[in-house]
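Trainee: Before we look at the model, could you walk me through how a sheet and a nonpolar core are read from coordinates?

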Amino acid sequence: MFAIARSLVWKEWREQRWKTIALAGILFLATAIVGGGELAHLRGALQWTGLTTLPFVSLFIAMSIAASERSGNTLGVLQSLPFPLWCMATIKLLIAVITLAASLFIAAATIVGFELFAGSFLGDQLDHRLLAPTSSIWGVQDSWTGSMLLVLGCALSMLLWCAAAGVNQSDEIRAGAVGFLSIAGIWALLILVPMAFDYDPHLVPGWRWLAVAAPGGVLNGGAPGQSLPKNWWQTYDLRLTWVVTVHLGLAIVYVWRFGRVSIKGRSQGDVTAANLSTKLDWLPPPRRSPLKSMLWKQCRESFPLAALGAGLIVIFVLIAFREIRNLNADVKLLVIQLWSFVSVFICLVAGVGAFMEDYQPGVPAFWRSRPIPLRRYFTVKYLGGLTITLVTLSIAPLVLGGMGTYLFGTARDAAPVQQTYSMILSVVLMQIGIYTAASASFVLSRRPLPTALLAIGSVWLISLAIGELVPSLPKAESSLIFLSVPPILAGISLAYHAFRNDWGWRK
Amino acid sequence: MLLRVEKGSATPISRQLADQIAALFTAGKLKAGDRLPSVRELARELAVNQNTILRVYEKLASEGVVEMRQGQGTFVAELSRAGRRRAHCDKLADEFRSLVRQALSLGLSKRELQELLSSALAELDDEAVSPLTESERV
Amino acid sequence: MSAIEVHAVTKSFRKSRVLDGVSFRVEPGKTFAFLGRNGAGKTTLIKMLLGLLKRDDGSLKVLGLDPEVAPYELRDRVGYLAEDQTMYGWMRVDEIVRFIAPFYSRWDHDLALKYLREFELPLATKIKHLSKGQNVRLGLVLALAHRPELVILDDPALGLDPIMRKQFNRDLVTHLQGAGATVFYSSHLLYEVEPVADEVAILHRGRIVRQAHPETLRADVKQLVIEARMAPLVPRDLILDARPDGADVALTVTSAPRVIGMLAAEGITSRVVDLNLDDIFEAYVSGRQFEPTTPTPELAPV
């Protein structure tokens with residue numbers, strides 16, 4: 001029993017170790033760029049990069065632990081082992097938690113190490129202030145260690161919610177979609193329901209209790225302005241116990257459900273064959289041209305996810321409705337912000353998914369051996385997927401933006417038109433960049449999670465580098481295009497060559 | 001016509017089929033003038049290469065067991081009594097030869113072989129003379 | 001013109017040489033079975049025939065075309081069923097047929113429907129819900145409906161039960177040999193191959209060790225049981241496998257009639273055992289050489 005557990009730990013660790021290292025590397029590099037290369041700002045920068053990267057990556061790790069055994073056809077092996085499934089699930093979950101924690105720890109330790117090393121030279125110049133001190137949460141935020149723990153807590157919360165919701169889906173993309181949808185649904189419920197009764201959510205009794213246990217809700221704890229009292233155990237916040245209990249519950253849900261699914265064999269077809277053969281009367285004519293055929297396929301593959309993203313944008317805007325009314329904020333700006341927030345995730349998943357069906361094990365032999373011109377196939381897949389994703393994602397903001405202005409009139413302090421366009425432009429460039437990076441990474445790595453890490457890492461680094469450069473250039477917009485088009489073209493070219501020549505880590 | 005192909009046998013498929021058809025003929029299940037299934041039909045039925053079937057028919061035709069008529073199909077040949085007897089003798093001689101070879105490799109002498117043959121013949125004579133006494137004894 | 005001409009093709013992956021000077025040709029209208037153990041390089045060679053892999057050296061012509069130069073033209077004229085082929089699981093049977101059709105210049109939609117009916121494939125079922133046998137049959141429909149001149153099948157019997165294998169052989173005889181197509185297919189089940197193949201080739205350690213008609217092969221390769229001390233009389237290069245058995249040794253030899261004649265000329269009688277194809281295959285791919293254990297008699301120079 002112990003030996004089995006040990007070999008399972010070994011297997012999980014072998015699967016996750018590169019992710020840990022990659023994630024730590026991304027965190028560290030992004031931190032270095034955000035901190036502007038100045039040692040004094042590194043701690044604060046890590047807090048920020050951790051907060052923006054880790055919860056996001058945790059969604060992908062959750063997708064992986066929820067569905068990878070099923071999508072890789074290895075669940076059958078696990079089910080047949082003389083070892084309870086819940087133990088395996090526990091090990092998977094633990095290693096995933098360790099992956100997240102270890103990467104943050106490695107990045108933090110590297111930075112602290114640098115400081116210790118450099119501190120002897122810099123002395124008191126070190127700036128330990130936080131980059132973006134907001135409200136104090138759980139009374140720990142004023143300490144750097146505390147805020148790091150908070151970042152980790154937020155990421156773990158996302159991981160658990162997504163894994164518990166998406167477990168046993170047949171592939172990672174489905175698991176991610178289910179997980180993300182349930183997370184968004186919980187957020188929407190928490191805000192929309194009180195709103196429907198015209199309450200300020202914060203005043204609804206118990207709302208804070210619910211919100212704090214919601215996905216990533218730990219960031220929402222604590223009263224503002226509290227700092228860590230000397231004897232903090234006397235003012236121990238009961239909600240911490242509540243949060244831990246809820247998330248332990250989620251972990252149990254994941255562990256309990258994991259693997260409890262019958263793998264559908266391909267046997268039912270034989271039975272149905274006889275019944276259905278009578279219906280074999282009419283076969284619709286072939287698609288009229290190769291191009292239409294390819295387009296049809298790409299639409300079928302890309303549309304569901306894009307539609308999901310559009311729906312999410314609508315939900316988020318509805319959530320923000322009330323704020324708009326109260327604050328008389330700029331509707332357009334708000335819509336653009338929500339649009340960019342959702343589209344980052346959707347573009348990433350769409351980019352991963354654009355080539356996923358074609359790289360399922362055994363499928364490449366099917367299309368490669370046909371007289372399908374590879375250049376056109378790639379072009380249709382890439383451009384088709386991108387267009388569908390971008391257009392579908394932008395329908396909601398266009399409608400809502402227009403409607404918003406119609407409903408609320410021009411806001412009191414609306415952003416200048418020029419600024420709006422510049423924002424839209426950067427969001428579109430961001431979408432194209434993420435989609436390109438994700439599809440190129442997928443063609444190369446052929447597995448969702450490394451793809452996500454690779455794409456997030458490269459987009460992070462490139463966009464940060466561009467962000468550093470743009471303000472120093474005279475014409476912000478044109479220089480933005482000027483700077484971001486080459487990496488995008490490089491990504492497309494890499495993806496095309498990998499697609500055509502069958503380059504990849506896993507064949 | 002019921003034929004079967006034994007997979008993994010040490011006998012080649014074309015010989016298996018030729019032997020079976022010849023045996024059907026000897027046993028009287030196939031009569032002179034009967035039409036055999038076409039090459040295509042038999043190939044489909046047995047899931048065997050058409051060329052193999054064709055070779056079987058050609059071999060049988062060369063032995064005079066069947067007759068391939070252009071555009072009409074393959075038919076069991078009208079054999080003269082002497083011709084049929086001759087075909088059987090050829091087959092028997094073949095079997096004898098292989099039996100003798102086997103016996104020699106077991107180390108039997110020619111004399112012992114001849115004794116074996118005459119005792120086998122004698123047994124047959126006994127059976128032919130007293131079938132009734134045999135059954136009465138039981 | 002041969003349907004397939006392979007000449008001295010080599011291919012290495014990193015340091016391991018998978019194909020080492022493979023040469024053979026397949027005549028039009030013949031059914032050619034390509035045999036080898038798992039990992040012998042069958043799939044590698046088949047992928048080269050379709051231009052899915054590049055060769056390191058040698059020349060290769062399929063239907064008179066070089067797959068690396070004109071892959072699309074070639075694939076338009078060839079039907080291919082990959083080993084354990086997986087197709088887009090989300091598509092329905094009718095959808096994948098309609099999807100694939102426009103890529104082929106000579107797609108026959110009525111023929112596709114005819115095959116779909118004959119194979120009893122449910123049109124409105126998603127591919128991921130098809131059984132293994134149905135999956136292979138759908139692959140066959142998609143490989144045959146454009147009336148290819150050459151059909152390449154990579155281990156189609158893999159994962160089929162005996163009934164389905166027989167049915168598959170029947171389909172092959174009826175639909176492909178009946179239509180005069182050249183068929184090139186790989187397998188590791190020899191007794192399934194024997195009834196349908198016109199020619200078999202055995203690939204071992206990256207080389208073709210034998211190419212012959214199955215019945216020629218049977219007539220040529222036999223097992224001879226002789227006294228062990230006589231074994232050195234048989235030329236070494238004709239011995240595929242040697243199994244000592246007490247004072248005797250069972251030698252599996254090629255050119256058996258010649259060897260029997262030679263032994264007879266020396267006055268040695270040997271017991272001849274007919275072998276089935278599995279035995280012959282085994283002798284070729286895992287044969288052991290004869291190691292004399294007893295002192296051999298001095299032979300008079302011939």
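**Reading a sheet and a core**

Mentor: In chain C, six strands make up an open sheet of mixed pairing, ordered 5-6-7-3-8-9, where strands are DSSP E runs of at least two residues and helices are H or I runs of at least four, numbered from the N terminus, and two strands pair if DSSP finds at least two bridges between them. The model is predicted, so local features need pLDDT of at least 70 and side-chain atom pairs pLDDT 80 or more, while totals for chains, interfaces and linings use all residues. Residues are numbered from 1 along each chain, chains are lettered from A in the order written, and side-chain values use heavy atoms, without hydrogens and water.

Trainee: Which are the edge strands of chain C?

Mentor: Strands of a sheet pair through backbone hydrogen bonds, either parallel or antiparallel. Here strand 5 (78-81) and strand 9 (207-212) of chain C each pair on one side only. Strand 5 of chain C runs parallel to strand 6 (residues 150-154) of chain C and is joined to it by four bridges, with Val78(C) opposite Leu150(C).

Trainee: Which residues touch the most other members in the largest nonpolar core?

Mentor: A nonpolar core is a set of buried Ala, Val, Leu, Ile, Met, Phe, Trp, Tyr and Cys residues joined through side-chain atoms within 4.5 Å, buried being under 20% relative accessible area with a 1.4 Å probe, protein chains only. Among the 214 residues of the largest one, they are Tyr88(C), Ile96(C) and Leu138(C). Helix 11 (residues 331-354) of chain A gives the most to this core, with 14 residues.

Key
Buried means under 20% relative accessible area, exposed over 50%, partly exposed in between (1.4 Å probe, protein chains only).
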